[in-house]
2 protein chains.
Amino acid sequence: MLASSAILRRQQFLIRSLGGYSNQTHAERMQATKVVAGTHFEADAETILRTITPKLDSSRHKGQAGKIAIIGGCREYTGAPYFAAISALKIGADLSHVFCTKDAATVIKSYSPEIIVHPILEESYSIKEDEKRSISAKVLAEVSKWMERFDCLVVGPGLGRDPFLLDCVSEIMKLARKSQIPIVIDGDGLFLVTNNLDLVSGYRLAVLTPNVNEYKRLVQKVLNCEVSDEGVTEELLSLARRIGGTTILRKGKSDLVSDGETVNTVSTFGSPRRCGGQGDILSGSVAVFSSWARQQTPSAEEESSGSTPNPMVLGCIAASALLRKAASVAFENKKRGTLTTDIIECLGKSLEDICPAN
Amino acid sequence: MLASSAILRRQQFLIRSLGGYSNQTHAERMQATKVVAGTHFEADAETILRTITPKLDSSRHKGQAGKIAIIGGCREYTGAPYFAAISALKIGADLSHVFCTKDAATVIKSYSPEIIVHPILEESYSIKEDEKRSISAKVLAEVSKWMERFDCLVVGPGLGRDPFLLDCVSEIMKLARKSQIPIVIDGDGLFLVTNNLDLVSGYRLAVLTPNVNEYKRLVQKVLNCEVSDEGVTEELLSLARRIGGTTILRKGKSDLVSDGETVNTVSTFGSPRRCGGQGDILSGSVAVFSSWARQQTPSAEEESSGSTPNPMVLGCIAASALLRKAASVAFENKKRGTLTTDIIECLGKSLEDICPAN
């Protein structure tokens, strides 16, 4: 039996508190809560997005709408961290930082003057064995100066797999966790985490965003079995539970989101183009939306019952919905020629369509 | 006598299986197959393009629509590999990599965050004589890590002629051939191959895309004579046969494509502008279209007769048709000011006109 009464209560609160199902019949509500009996349900993603997106208010000051940092960008990869960082800004974050290697920094800076780029990470090829300790300490000291200012880290876009660099990033993640800074983990960050589950195990402010292959490796490692086409929901619930309540956004034809308690699906049609980089838009967006969801004040009802919806789950649902909408708008214009930059250009308009600024 | 019954049968299959001549009269069909008596025929290039372009399917995942790698880009040249790589993406490939020198990498990365750039090649000026062996081994090891992931390599755009770099590229080509990865060869890659015919000799997954001068040097080297204005078809057939079934796309007012068995012409009007870089669009496009053509399942008729159309030939025909269309659309807008980037911007729309995504 997967369900417990606490889970059922929490699931129902998630639905009610977000208003998406307020006019539901009893039958519909039962359908919506089927997760507890083994199936997932379609989230009312656009309502969730509208609910968590903060009102624009001229009395607010720089930074209050979100300060995001991407940990990624190395000799080989520079596009991915840029996509994540610029997407965060295009959605409405105030500041977007990238912490990357020196090689990557100049290039990422050249993509856009909007992004603050810190050239502080190092790969093995550029340092000597006896320098590793001091360099690692220096990297950590530099990041820690900034850490408290961030609302969320995104670890992984264009990170690469250099062992020394990944060691440093492990330390950065421990530091973020100690400071209770949420972490969205994608790409090579998932490679790191899959081999070092302790980095996220039991951390409810972490989100993993695996694609088909990354999910497969996670299941093999954590559940010690192969991915099954049957019982998709139970598998995802088990995975999230086994990791200890970390939120998992399983990307695919439909995106599935679970923190081990609920399973939500976002399956509105996006685009059939699978050009590289769309995952980076998603990770940057999850960072922003989950930060916004964390800023929400729980309702009295939620407070009294202790069933506040998980902001990381809400952030995933909203980000998935927005990316799908932006991808569909971009595809409408550019068809087979649609690239990730085209989708990024549609983020603002798509957000406005779902959640008008005025 | 150039013809054989096998060639004639294969030629007719190429025509029938692609449907372009289904309503032909007997006289027209005889005209179309005149290749076997010494002339080429106009390919129904747009039908071929439509036939090989895969349907967009939302259940597919990243990489399935094509992963292309360009080997090129040195201290002098950075535009050419960018043009080839971005064209592949704009046509519909999912991932586009460039393997180039360190000097070139930063610049190519900065052109677009969509391209994954590997700064691994070296030119003689940057290394010492006694390092050459170890550096060559390192370059090869790095490329070989990636090789199996690619659907096609493009060797040559902006490669330059540094002897050490060309030696490394020869080894990369041998590796690709061993792994049965198709290779499109243009620009300085043709300089390399003309002087080292063994690199492609007998390799049916190679395509050479020579312009007037490159073709001249090939004919001199392989056929040991000067290019003739008479018997153009026979010359091209002989050249492709002598190299051993490698496909040759002879660029010109009309593009001629032959693998030694058929000769197809694409002569729809493109643009009178001859700005540098159009050949790079073509090489990137041939890589994508031929990869798509290779994914096609042969029809039962083709299977039973053993006369499957050569995917490298189909890829050349489709790429030539698309470039010509995009160039004509760009010229319509920009006239004398038309540049290669303008043509690249028209690839998506031109593809959509020929082969609608929906």
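**View 1. Helix α11(A) passes helix α13(A) in a right-handed crossing.** A crossing is right-handed if the near helix is turned clockwise from the far one by less than a right angle, and left-handed if anticlockwise. The contact (heavy atoms within 4.5 Å) is made on the α11(A) side by residues including A:Q278, A:I281, A:L282 and A:F289, and on the α13(A) side by residues including A:P311, A:M312, A:L322 and A:A327. By class, the residues of this contact divide into 14 nonpolar, five polar and one charged. Here Ala, Val, Leu, Ile, Met, Phe, Trp, Tyr, Cys and Pro count as nonpolar, Asp, Glu, Lys and Arg as charged, and the others, Gly among them, as polar.

The model is predicted: local features need pLDDT of at least 70, side-chain atom pairs count only at pLDDT 80 or more, and totals for chains, interfaces and linings use all residues. Residues are numbered from 1 along each chain as its sequence is written, chains are lettered from A and ligands numbered from 1 in the order in which they are written, and side-chain values use heavy atoms, with hydrogens and water left out.

View 2. Helix α11 (residues 278–295) and helix α13 (residues 311–334), both of chain A, pack at an angle of about 135°, with their axes 7 Å apart. Axes are lines fitted to C-alpha atoms, for helices over the stretch in contact, and angles run from 0 to 180 degrees between N-to-C directions.

**View 3. A:V212 and A:E214 are among the positions of a UniProt "binding site" feature (unreviewed entry).** Such annotations may be inferred rather than shown by experiment. A:V212 is partly exposed at 41% relative accessibility, whereas A:E214, at 12%, is buried. Buried means under 20% relative accessible area, exposed over 50%, and partly exposed in between (1.4 Å probe, protein chains only). Leaving aside neighbours within four places in sequence, A:V212 is in contact with A:K251 and B:H61, and A:E214 with A:D186, A:G187, A:L190 and A:T209.

**View 4. B:L95 lies in strand β3 (residues 95–101) of chain B.** The residue B:L95 counts as buried, at 17% relative accessibility. Beyond its neighbours within four places in sequence, B:L95 is in contact with A:G276 and with residues of chain B including B:K62, B:I68, B:L89 and B:I116.

Methods. Helices (H or I, at least four residues) and strands (E, at least two) are DSSP runs, numbered from the N terminus.
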